[in-house]
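Colleague: I'd like to learn how to read the charged side chains in a model like this one. Could we walk through it together?

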Amino acid sequence: MDLRETELPGIGRKYSLCTRSGEKLVIVVHNDERRDIFHLDPDEPDDMLSMVTLDDEEARVVSAIIAGITYKPKFLENQEIALDSLIIEWLRLEPLSKCVGKRIGELDIRRTTGATILAVVQKDKTKHINPGAEYVFTAGLTLVVAGERKQLNQLKTILLNGTL
């Protein structure tokens, strides 16, 4: 995810976001508390696909929904459980992740990061508990991983970039 923040003098602040899946969003927070949300064409950044303007109250309700404050799905794609310094986290592999098509052993994840892949859940909900070194990553699957925060951050870097 790539997030950029820009001050807009006399207007407010602009946030430009490119998601892991390649979607492009621009959010402008106006000084009068309005929020404009622009969905841009990933192939033609100057072309807007849609736009929504929210007042302050509407923006806060939408943000609560997106943040999962009002409803938490039974199966979260990015969920985290902390047990002292051990963290168990659910990570979804996006299509642009550089690890897609590579084997677990090829990335040498456990030796390089110290993190452990406990399970893999495919899009069709098929589960692979304790996948071996020969398991090949595919886009859209969810990894259940364990480690300390630093180890998991290194793992995320390897999954996204294909290397540390």
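Colleague: Happy to have it on screen. Which residues are linked in a network of salt bridges?

Modeller: Glu-5, Glu-7 and Arg-13 are. In general, side chains of opposite charge can pair when their charged atoms come close. Here a salt bridge needs a side-chain nitrogen of Lys or Arg within 4 Å of a carboxyl oxygen of Asp or Glu. Before going on: this is a predicted model, where local features need pLDDT of at least 70 and side-chain atom pairs count only at pLDDT 80 or more, while totals for chains, interfaces and linings use all residues. Residues are numbered from 1 along each chain as its sequence is written, and side-chain values use heavy atoms, leaving out hydrogens and water.

Colleague: How many salt bridges does a search of the whole structure find?

Modeller: The search gives 12. One of them joins Glu-89 to Lys-156, with the closest N and O atoms 2.9 Å apart. That pair links distant parts of the chain, from strand β7 (residues 86-92) to helix α4 (residues 149-161), 67 residues apart. Helices (H or I, at least four residues) and strands (E, at least two) are DSSP runs, numbered from the N terminus.

Colleague: Is Glu-89 buried or exposed?

Modeller: Buried means under 20% relative accessible area, exposed over 50%, and partly exposed in between (1.4 Å probe, protein chains only). Glu-89 is buried because its relative accessible area is 8%, whereas Lys-156, at 29%, is partly exposed.

Colleague: And how many disulfides are there?

Modeller: The count is 0, taking a disulfide as a pair of cysteine sulfur atoms within 2.5 Å.
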